Amino acid sequence: MPQIETHFALGRILLFNLLGAILVWSWVSPGLMFWTEIDDVVFFATNAWLSEENEAWVLFVAATNHRLFDVFSLLNLLALYLWAISRDPEQEHRLLRWGGIGVAMLLSAVFIAQGVRMGVPYTHPSPTLVYENVNLITEMVDFWSKDRSGSSFPGDHGVNLLLFTAFMWRFAGLKLMLVSALFAVLLSAPRILSGAHWFSDVYFAAIAINLLVAPWILLTPLAPGLSRALTAGMVRVRNALPGQLSHL
């Protein structure tokens, strides 16, 4: 279990940033059409599956793009978070320490979301709005589901899921990171299957953003120091509580 140390790992930061820069170059380079081609291949293949002959599949895709599925996703992340807490060998202040990590992660997510909104002026509509005569799950089911977006770049679900994965790697270790990465792929896939996001909205944009930004949060004193400060504050508040409450 990694300790909450406030070191500055410049070499690893630059390595992750280099990988992110290569991804960005592969997307903006006029001589490469890799992401455009894979976006079209994935969309037309998955959209073809959305037909009345595949009623069960249509219902599954529609259900996983309903707002209630977001609750299911959150519960899955909560389960992983509780697993990480249970694996922490340091019993003293364990819950409060992970409370500090959780708040630091939420603040990081807000920072990245606002930074992307202000610093990345580019966006584009979902493939279901770009192409005509496509299959729309909202026309096949009688409940709300998401199959289009006027601004699908970048995929915010993917950005947050991969940030969660990065925090698990930093504070809970490789095993939790690998399981979290698997969940990130599974939980971000429904938006692609419905056509609400391009493949690159998640597997280029979300990965590139995290490679460029998350290392400066997690491999510097920023996130570890913030989580320590938050934990210390919560410990002081707990110790000031009267009677039995101070033992929570």
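Trainee: Which residues of α2 are buried?

Mentor: This is a predicted model, in which local features need pLDDT of at least 70 and side-chain atom pairs count only at pLDDT 80 or more, while totals for chains, interfaces and linings use all residues. Residues are numbered from 1 along each chain as its sequence is written, and side-chain values use heavy atoms, with hydrogens and water left out. Buried means under 20% relative accessible area, exposed over 50%, and partly exposed in between, with a 1.4 Å probe and protein chains only. By that rule, the buried residues of α2 are Trp35, Asp39, Val42, Phe43, Thr46 and Asn47.

Trainee: Which elements cover the buried residues of α2?

Mentor: Here contact means heavy atoms within 4.5 Å. The elements that cover these residues include α1 (10-28), α6 (127-130), α8 (174-194) and α9 (199-218).

Trainee: How many helices and how many strands does the protein have?

Mentor: Helices (H or I, at least four residues) and strands (E, at least two) are DSSP runs, numbered from the N terminus. Read along the sequence, the pattern is α-α-α-α-α-α-α-α-α-α. The count is ten helices and zero strands.

Trainee: What is the reach of α7 from its first C-alpha to its last?

Mentor: The expected span of a helix is 1.5 Å times one less than its number of residues. For α7 the expected value is 24 Å, and the reach is close to it, at 23 Å.

Trainee: Is Ser180 buried or exposed?

Mentor: Ser180 lies in helix α8. Leaving aside residues up to four places away in sequence, it touches Leu80, Phe164, Thr165 and Met168. Its relative accessibility is 2%, and therefore Ser180 counts as buried.

Trainee: At what angle do the axes of α4 and α8 cross?

Mentor: Two packed helices are described by the angle between their axes and the distance between the axes. Axes are lines fitted to C-alpha atoms, for helices over the stretch in contact, and angles run from 0 to 180 degrees between N-to-C directions. The axes of α4 and α8 come within 11 Å, and they cross at roughly 180 degrees.

Trainee: Which word describes α4 relative to α8?

Mentor: Angles under 35 degrees count as roughly parallel, over 145 as roughly antiparallel, 65 to 115 as roughly perpendicular and the rest as oblique. The axes cross at roughly 180 degrees, which makes α4 and α8 roughly antiparallel.

Trainee: At what angle do α9 and α10 pack?

Mentor: Helix α10 comprises residues 222-240, and its axis is 5 Å apart from that of α9. The two helices are oblique, and the angle is about 50 degrees.
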